[in-house]
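Please keep the sequence and the 3D view at hand while reading.

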Amino acid sequence: MAGKPKLYYFDGRGKMESIRWLLAAAGVEFEEEFLETREQYEKLLQDGSLLFQQVPMVEIDGMNMVQSRAIASYIAAKYKLYGKDLKERALIDLYVGGTDDLMGFILIFPFLSAEDKEKQRIFIVEKATSRYFPAYEKVLKDHGQDFLVGNNFSWADVHLLEAILMVEEKKSDVLTGFPQLQAFKARISSIPTIKKFLQPGSQRKPVPDDKYVETVRRVLCMYYDMKAN
């Protein structure tokens, strides 16, 4: 029997969090090695484990996989969360891509200067409510099914729920005016594997704090502030 996937990243969300979500949604147990020092990162480089000299990296099925989108695509396909045919896979890629764009605005948030954070919070909420959430609201309404693609739980549903919860951390009532998304959130959150992942004590990471930011900066030698959109 193959061993558990092993995730190499920081003890925080970043680009690995969506991979954690996907594995958890599939009911797959995984191990983690947290990068806390520059030496750990350099060892992975020296071992040739990081093809493009960056994390996240996941050991799975005898491979050292990098590039978060490639990792997630593999996991989705392996655990049948990637649609039943080419058309469904294309729609899943489309919806995941849109959600990625929204989440990208959130991923940089912890690294912003204090003065830029409030500006970015407003920007995130505005983009979510004017561009992304209306699109998914329409998809669900027109589709008339419980899930985004076909009538089966997929990577697209996992990713959208993750994004919704991340935006709600910036504005708790952000789904006001989006009844389809409110119902979607309740449905997907009640799926047993997702419900388990949302419970305290799971491998889901909390909102990034200053310790996480400082660790990432130290390990990756990032000594500059990012800019808000």
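Domain bounds, as used below, come from an automatic or database domain assignment, and a cavity is a set of grid points where a 1.4 Å probe fits but cannot get out, its lining residues having an atom within 4 Å of a point. The model described here is predicted.

**The largest cavity**

- The structure holds one cavity of 30 Å³ or more, and the volume of the largest cavity is about 40 Å³.
- Around the largest cavity stand Arg13, Glu17, Trp21, Glu162, Leu165, Met166 and Arg204, a lining that divides into three nonpolar residues, four charged residues and no polar ones.
- Two or more of these lining residues come from each of H1 and helix H6 (155–168), with H6 giving the largest share, namely three residues.
- Because domain 1 (6–79 + 198–220) and domain 2 (86–190) both contribute residues to the lining, the largest cavity lies between the two domains.

**The largest pocket**

- The largest pocket holds about 440 Å³ of space, and its lining is made up of 21 residues, among which Tyr9, Lys15, Val55, Pro56 and Leu220 lie nearest its centre.
- By residue class, the lining of the largest pocket comprises 14 nonpolar, five polar and two charged residues.
- At least two lining residues are supplied by H3 and at least two by helix H9 (210–220), and the largest share, three residues, comes from H9.
- The largest pocket also lies between domain 1 (6–79 + 198–220) and domain 2 (86–190), because both of these domains give residues to its lining.

**The pairing of H1 with H3**

- Helix H1 (residues 17–25) and helix H3 (residues 68–78) have axes that come within 10 Å of each other and cross at roughly 5°, which means that H1 runs roughly parallel to H3, given that angles under 35 degrees count as roughly parallel.
- On the H1 side of this contact are Ile19, Leu22 and Leu23, which meet Ser68, Ile71, Ala72, Ile75 and Ala76 on the H3 side.
- Sorted by class, the residues of the contact of H1 with H3 are seven nonpolar and one polar, with no charged residue among them.

Terms used: Residues numbered from 1 in each chain as written. Predicted model: local features only at pLDDT ≥ 70, side-chain atom pairs only at ≥ 80, totals over all residues. Heavy atoms only, no water. Axes fitted to C-alpha atoms, helices over the stretch in contact; angles between N-to-C directions. Helix = DSSP H or I, 4+ residues; strand = E, 2+ residues; numbered from the N terminus. Parallel < 35°, antiparallel > 145°, perpendicular 65-115°, else oblique. Contact = heavy atoms within 4.5 Å. Nonpolar A, V, L, I, M, F, W, Y, C, P; charged D, E, K, R; others polar. 1 Å grid on protein atoms, 1.4 Å probe; cavity = no way out; pocket = protein on both sides within 12 Å on 5 of 7 lines; lining within 4 Å. Points joined across faces, edges and corners; volume = space filled by probe spheres on them.
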